[in-house]
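Subject: Structure handover

Hi,

Here is the structure for you to look through. My notes follow below it.

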Amino acid sequence: RSPPAPSLPFPFPRNGLVGLLYGEFTDMLNDRVRYSVSLTESALTIQRISSSPGRTKVVFNLTDCVGCRAYRGPDSADVGAYFTAYFYPFKRRWMSAGVTRQRVEQCFRVALVQDPLANLQEAERWAHAIRDVRRPCRIMILVNPQSGRGQALQLFTGHIQGMLTEASVPYTLVITEHQNHARELVRKADLSQWDALVILSGDGLLFEVINGLMDREDWQEAIQIPLGILPGGSGNALAASVHHYSQ
Ligand SMILES: Nc1ncnc2c1ncn2[C@@H]1O[C@H](COP(=O)(O)OP(=O)(O)OP(=O)(O)O)[C@@H](O)[C@H]1O
């Protein structure tokens with residue numbers, strides 16, 4: 001089997017966009033399926049290298065990309081390395097009129113040479129390049145363990161934590177211990193440490209966080225910080241209406 005073509009720098013304009021990287025990789029599970037992959041400032045384009053006609057090109061918008069990681073495979077005899085990019089594009093739901101963001105992961109095997117370390121370095125180069133196109137984001141996530149049916153913390157560990165890890169988002173988790181805990185914390189916090197505050201709770205905790213921001217002397221600047229609301233309460237009226245109006 002001939003080795004895939006080396007990954008090349010891709011400094012020339014193509015389709016009006018200046019490319020950052022171009023490479024040819026194989027499928028994670030099937031070495032005979034090969035893809036040409038190109039990265040620009042705005043998109044990751046994956047084209048299946050195949051002699052048969054049909055729709056073989058997929059374009060992922062990098063604004064839908066939450067992260068990318070490089071790693072060695074579980075088999076130590078495998079000289080190849082891998083990189084996986086995680087996307088949440090809007091997609092149509094089965095039997096439904098609307099679209100929602102749905103998770104898609106794209107994994108590639110890098111086996112340019114017989115040296116596992118060199119392959120891993122190449123996979124890391126791609127993972128870094130894909131991650132670098134995204135804006136860095138550090139978040140404080142506030143969870144009220146009592147909200148709703150007392151399951152907010154399970155929602156965090158079961159759903160949110162994995163997404164943050166895939167996205168390589170550095171975060172500080174705050175589990176509120178009593179009423180007004182979040183308000184006091186936000187009132188005194190050094191907000192320059194975070195790019196966003198995310199509340200996993202019902203409306204009550206978000207209300208506290210907004211009040212904490214408005215209690216500050218620098219409230220006019222503080223209130224500009226992006227706020228996120230994840231439904232963890234019982235009513236979740238605000239999260240539902242924000243989600244509804246963003247559709
Ligand atoms: N550890 C805690 N123990 C008790 N109360 C808390 C704690 N942390 C926060 N709180 C308070 O609980 C209140 C209610 O929380 P929240 O609104 O998040 O949940 P909910 O009432 O279940 O949801 P919803 O508002 O959607 O009905 C908040 O006003 C907050 O001050």
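A residue is buried if 20 or more other C-beta atoms lie within 10 Å of its own, exposed if 12 or fewer, and partly exposed in between, with C-beta atoms placed from the backbone. Helices (H or I, at least four residues) and strands (E, at least two) are DSSP runs, numbered from the N terminus. Residues are numbered from 1 along each chain as its sequence is written. This is a predicted model: local features need pLDDT of at least 70, side-chain atom pairs count only at pLDDT 80 or more, and totals for chains, interfaces and linings use all residues.

Start with strand E8 (residues 81–87). Six of its seven residues are buried, so E8 is largely enclosed by the rest of the structure. Two strands pair if DSSP finds at least two bridges between them. E8 runs antiparallel to strand E7 (residues 65–72), with seven bridges. Cys65 has Phe87 in E8 as its bridge partner. Seven bridges also join E8 to strand E11 (residues 104–110), again antiparallel. There, Tyr82 is bridged to Arg109 of E11.

Next, helix H1 (residues 116–133). Its buried residues are Asn119, Glu122, Ala123, Trp126, Ala127 and Ile130. Seen down the axis, they fall within an arc of 135 degrees (taken from the directions from the helix axis to the C-beta atoms), so they line one face of H1. The face turned away from that buried side carries exposed Leu117 and Asp132.

Last, the ligand. Helix H4 (residues 203–214) gives the largest share of the shell around the ligand, four residues.

Best wishes
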